[in-house]
Amino acid sequence: MRLLVALLAGAALFAAGCVGDQPTNGNTGSDGPDETVGLEGVASIPGLGNFALAEPISSGNVTLVPVVYKQAQDEPEQTDEYITLAEAKKNGWVEIIERPGEGAVNELQVRNTGPKPLLLLGGELLLGGKQDRIVAKDTIIPPNETVVVPVFCVEQGRWQGASLRFEYSNAVVPQSVRFAATYSDQARVWARVGEYNEDVGVIAGAPSTVQSGLSDPEVRKRVESGLDELLKSLEGKDNVVGVIFVLNGEIQTFELFGNAGLFEGSIQPLLRKSVRSQHKGSCRTTRIIKNYGP
């Protein structure tokens with residue numbers, strides 16, 4: 001099996017900068033490193049010689065640059081070695097609950113009853129329980145195992161609920177919230193949620209969850225329109241295994257997967273996040289996530 005994780009030495013490469021941020025504690029002064037990388041920099045990263053950048057696709061001020069694997073991928077029957085959270089929820093293969101007992105703000109219990117490892121993407125939004133949460137980092141849950149998964153709260157204030165179970169919203173939170181979870185702490189995540197909701201015009205007194213902003217009628221209208229346009233533009237493109245998100249001419253993230261099948265299964269919530277992030281809270285960031293698959 002050709003594991004693209006090795007391509008990045010088992011780690012993610014980050015290059016980012018957020019303007020005007022102030023430290024929330026003594027350990028972090030921003031939501032990420034203080035450098036930026038252009039498309040030419042991404043193309044020259046060591047180990048990416050087997051990949052090419054396809055023609056950009058634009059919708060509004062969002063541009064996608066598909067990343068294409070230059071050769072036909074080996075062993076196509078093995079391209080679905082992981083299941084996504086959306087697939088697991090559809091088939092009833094996953095249970096996400098508060099930790100037994102008193103629960104814990106930054107931990108949830110995830111059980112995978114499916115036949116394959118479950119891939120959770122950092123930033124995926126989980127609704128319910130005592131507070132809405134997001135997955136803190138990319139996490140793999142082996143089949144027929146239960147794992148305690150690190151999460152961040154995106155709903156400040158509430159700590160109660162009729163059910164301790166969570167539902168998947170088929171969404172990844174906006175860039176600024178996701179990056180705060182990647183680089184910073186719970187206080188910064190809450191701050192980014194508040195900024196995002198204020199930016200989209202959430203009315204005073206609404207629940208202090210990121211879902212309030214994501215559910216705004218104008219945001220939903222823009223997301224669905226932009227999402228459809230971007231998905232249609234990606235149709236028919238062969239060997240696409242990743243994408244570079246560009247907002248207002250600046251790279252936001254570089255998401256690279258191990259095969260085209262896994263990319264297709266993960267791209268919809270990532271595209272929703274990209275379209276939702278058309279706000280002043282976005283950070284100039286390049287991020288290569290860990291890769292999964294043959």
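1. Confidence. This is a predicted model, and the protein chain averages a pLDDT of 75, with 71% of the residues scoring at least 70.

2. Overall make-up. The protein chain has 7 helices and 16 strands, and buried residues make up 49% of its 294 residues. Among the contacts with a separation of 6 or more in the protein chain, 70% are between residues 24 or more positions apart.

3. The cavity. The structure holds 1 cavity of 30 Å³ or more, and the volume of this largest cavity is about 40 Å³. It is lined by 10 residues, of which Gly122, Gly123, Ala136, Arg178 and Thr182 are the closest to its centre. Strand S10 (133-135) and helix H3 (175-183) are the elements that give two or more residues to this lining, and H3 gives the most, with 3 residues. By class, the lining of the largest cavity divides into 4 nonpolar, 3 polar and 3 charged residues.

4. Helix H3. How many of the 9 residues of H3 are buried? The count is 8, so H3 is largely enclosed by the rest of the structure. The buried residues of H3 are Gln175, Ser176, Val177, Arg178, Phe179, Ala180, Ala181 and Tyr183; Arg178 is also one of the residues closest to the centre of the largest cavity.

5. The pocket. The largest pocket holds about 190 Å³ of space, and its lining includes Leu231, Leu234, Val240, Ala260, Phe263 and Ile267, together with Glu235, Lys237, Asp238 and Glu264, and also Gly236 and Asn239. Helix H6 (217-234) and helix H7 (260-276) each supply at least two residues of this lining, and H7 gives the most, with 4 residues. Sorted by class, the lining of the largest pocket has 6 nonpolar, 2 polar and 4 charged residues.

6. Helix H4. The buried residues of H4 are Gln186, Arg188, Val189, Arg192, Val193, Tyr196, Asn197 and Val200. An α-helix has 3.6 residues a turn, so residues three or four places apart point the same way. Glycine 201 follows H4, and its phi is positive, near 85 degrees.7. Threonine 84. This residue is placed in strand S5 (residues 83-84), and at 11% relative accessibility it counts as buried, because the cut-off for that class is under 20%. Leaving aside its neighbours within four places in sequence, threonine 84 is in contact with Leu118, Leu119, Leu262, Gly265 and Ser266.

7. Tryptophan 93. Tryptophan 93 lies in the loop between helix H2 (85-91) and strand S6 (94-98), and with a relative accessible area of 22% this residue is partly exposed. Beyond its neighbours within four places in sequence, tryptophan 93 is in contact with Ile83, Glu87, Ala88, Arg111, Asn112, Thr113, Gly114 and Pro115. The C-alpha atoms of tryptophan 93 and isoleucine 83, which are 10 residues apart along the chain, are separated by 9.7 Å.

8. Two asparagines with positive phi. Asparagine 144 has a phi near 60 degrees, a positive value in a residue other than glycine; its place is in the loop between strand S11 (139-141) and strand S12 (145-153), and at 65% relative accessibility asparagine 144 counts as exposed. Asparagine 170 likewise has a positive phi, of about 55 degrees, although it is not a glycine, and asparagine 170 is found in strand S13 (residues 166-172).

Definitions and conventions. Residues are numbered from 1 along each chain as its sequence is written. This is a predicted model: local features need pLDDT of at least 70, side-chain atom pairs count only at pLDDT 80 or more; totals for chains, interfaces and linings use all residues. Side-chain values use heavy atoms; hydrogens and water are left out. On a 1 Å grid over the protein atoms alone, a cavity is a set of points where a 1.4 Å probe fits but cannot get out, and a pocket is an open set with protein on both sides within 12 Å along at least five of seven lines; lining residues have an atom within 4 Å of a point. Grid points are joined across faces, edges and corners, and a volume is the space filled by probe spheres set on the points. Ala, Val, Leu, Ile, Met, Phe, Trp, Tyr, Cys and Pro count as nonpolar, Asp, Glu, Lys and Arg as charged, and the others, Gly among them, as polar. pLDDT is the predictor's confidence in each residue, from 0 to 100. Buried means under 20% relative accessible area, exposed over 50%, partly exposed in between (1.4 Å probe, protein chains only). Contact means heavy atoms within 4.5 Å.
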